[in-house]
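Here are a few notes from going through this one. Have the structure open while you read, and look along with me.

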Amino acid sequence: MKRNTTHKTMTALLATVLAAAGLSGCAGGKDAGGTGSGTASGDGKAEGKVTVQLWNHYTGDKATVLDQMVSAFNASQNEITVKALSNQDPQKQLTAISGGSAPDLMFTFWNNIGPWSEAGAVLNLDDYVKQANFDTKKIIPAALERMKVDGKVYGFPISMSMASRLYYNKKMFQDAGISKPPETLEEMFEVSKKLTKKDSKNGYEQVGFIPDYPWIDNVFWPIIFGGSWDDGKGKLTAAQKANVDAIAYQTEYYKEFGSEGISKFKSGMGKADTPQDPLITGKLGMMIGWENMYNDKRGEGGMIGVAPFPYPKDRPELKNAGMVSPIAMFIPAKAKNKEAAWKVMQYFLSEDVQIEYATKAKTIPVLLSALDNPKLTKNEATKSLWEFYESAKSANLNGFPNSVYINEYLQALNEETEKALKGQITPQQAMDNVVTKIQPKADKANKK
């Protein structure tokens with residue numbers, strides 16, 4: 001799944017995570033080894049080695065890359081054999097860790113860490129970090145923060161996805177006489193008006209920018225405005241000015257071009273990553289850019305231009321802001337071979353491995369040192385990602401805070417933001433409603 005931190009993905013996972021309520025009793029019972037292909041013997045050893053079962057949700061090319069990395073690890077030492085089992089979606093993972101058949105190591109979407117850790121299904125790694133003298137400061141801060149719940153580390157990122165760029169159709173800009181991409185959000189609004197054209201039926205044949213295409217992004221926009229969602233002490237901050245301003249800015253597009261007109265245009269303009277992709281066909285001028293989009297169409301000779309995402313004119317300190325979405329590695333609390341799994345996790349966080357993984361999987365490494373390594377920054381095979389490697393060093397990266405109620409919080413944000421974009425309520429009312437809905441859940445979690 002490409003954009004795993006988007007609300008679209010998190011909403012899809014909501015039903016799965018809610019099932020975690022049954023995990024409250026999973027601390028009891030007998031330990032058991034991993035299930036699926038490659039199951040270890042009863043003592044967790046194969047041919048004198050400790051066997052680490054690694055479950056992951058990858059399919060296709062990413063699963064193949066991970067298999068290659070696992071083979072390299074197995075060949076590098078004589079103590080541990082890792083057996084990877086791919087295509088294990090969150091439901092399968094949840095069933096395993098709640099039913100007493102947990103593997104030793106798992107890769108999953110980062111937003112599962114909060115609810116699953118609350119259920120006692122994820123191992124707290126603080127003691128392991130301390131005993132190994134593992135330097136957590138070498139991890140990109142925004143990526144590492146997504147692995148924490150109440151300040152405690154429950155996992156580490158293996159890789160990171162990020163939205164921090166503006167993608168634009170070069171030909172549309174040229175045809176409109178626009179010489180360069182906008183630097184501020186105010187400029188982007190004006191550019192969008194220049195790129196918007198009506199058809200003979202008074203509908204739209206092309207639109208400059210649609211803030212909630214291809215989905216409502218209720219995390220990205222507040223980050224661009226310098227917003228936040230809690231104060232770190234249990235009080236929700238969704239209703240703060242920056243978050244409200246983020247929604248208000250988006251509503252300006254609907255006020256300018258008409259909610260009905262944009263909705264009708266969106267219904268017929270095609271979907272992203274299809275032959276009818278509107279950014280490719282020239283129906284959409286600009287959109288939020290993730291690192292895994294249009295890799296073969298970006299660059300000097302490509303049709304898609306890339307620029308830093310614009311910032312509020314009165315907040316220049318917010319330049320180079322962006323949203324991060326890491327893939328999490330965690331050790332189930334009932335894993336049989338925790339120490340061995342921790343060693344494997346550290347291997348994946350070594351610089352050479354991070355670089356090789358990022359190169360083959362076309363993703364962003366989570367080690368700060370890797371972002372300046374010429375094996376990535378001078379490698380033609382990763383050229384489409386060079387700008388994102390640079391963006392990954394920005395101090396203005398952020399993401400949604402992990403918590404036991406994360407999916408309920410995101411769901412409320414999505415519902416209320418949609419109402420505001422449709423003009424049914426004001427941006428302030430939307431965020432006030434979110435706090436009213438979710439603060440009781442936060443209070444309940446903080447009392448535990």
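1. Where is the place of Ser 403? Ser 403 sits in the loop between strand S13 (397-398) and helix H17 (406-421). Keep in mind that this is a predicted model. At 10% relative accessibility, Ser 403 falls under the 20% cut-off, so it counts as buried. A polar atom of the Ser 403 side chain lies 3.1 Å from the backbone nitrogen of Ile 406. Setting aside neighbours within four places in sequence, Ser 403 is in contact with Gly 114 and Pro 115.

2. Now the aromatics. I'd start from the count, which comes to 24 aromatic pairs. Take Tyr 128 and Trp 342: the ring centres are 6.1 Å apart and the planes stand at 65°, so this pair is edge-to-face. The cut-off for that label is over 60 degrees. Tyr 128 belongs to helix H5 (residues 126-131) and Trp 342 to helix H13 (residues 338-348), so the pair ties together parts that are 214 residues apart in sequence. Tyr 128 and Trp 342 are both buried.

3. Tyr 405 and Tyr 409 make a tilted pair, with 6.3 Å from centre to centre and 35° between the planes. Are these two tyrosines buried or exposed? Tyr 405 has 9% relative accessibility and so counts as buried; Tyr 409, at 1%, counts as buried too.

4. There is also a cluster linked by ring pairs: Phe 189, Phe 209, Phe 220, Trp 221, Phe 225, Tyr 249, Tyr 253 and Phe 309. Two names from that cluster, Trp 221 and Phe 309, come back in the next point.

5. The largest nonpolar core has 145 residues. Which residues have the most contacts inside it? They are Phe 107, Phe 156, Met 188, Trp 221, Phe 309, Phe 348 and Tyr 409. Not counting residues up to four places away in sequence, Phe 107 touches a list of residues including Leu 54, Trp 55, His 57, Tyr 58, Ile 158, Met 329 and Phe 348. Gln 93 is also one of the residues that Phe 107 touches, and Gln 93 leads on to helix H3.

6. Helix H3 (residues 90-98) has Pro 90, Gln 93, Leu 94, Ala 96 and Ile 97 as its buried residues. Down the axis of H3, these buried residues fall within an arc of 160°, so they line one face of the helix. At the start of H3, a side-chain oxygen of Asp 89 comes to within 3.1 Å of the backbone nitrogen of Gln 91. After H3 comes Gly 100, which has a positive phi, near 90°.

Methods: Residues numbered from 1 in each chain as written. Predicted model: local features only at pLDDT ≥ 70, side-chain atom pairs only at ≥ 80, totals over all residues. Heavy atoms only, no water. Phe/Tyr/Trp six-rings, centres within 6.5 Å; stacked < 30°, edge-to-face > 60°. Helix = DSSP H or I, 4+ residues; strand = E, 2+ residues; numbered from the N terminus. Buried < 20%, exposed > 50% of the residue type's maximum accessible area, 1.4 Å probe, protein only. Polar contact = N/O pair within 3.5 Å; in protein donor to acceptor, adjacent residues only side chain to side chain. Contact = heavy atoms within 4.5 Å. Core = buried A, V, L, I, M, F, W, Y, C linked by side-chain atoms within 4.5 Å. Arc of directions from axis to C-beta.
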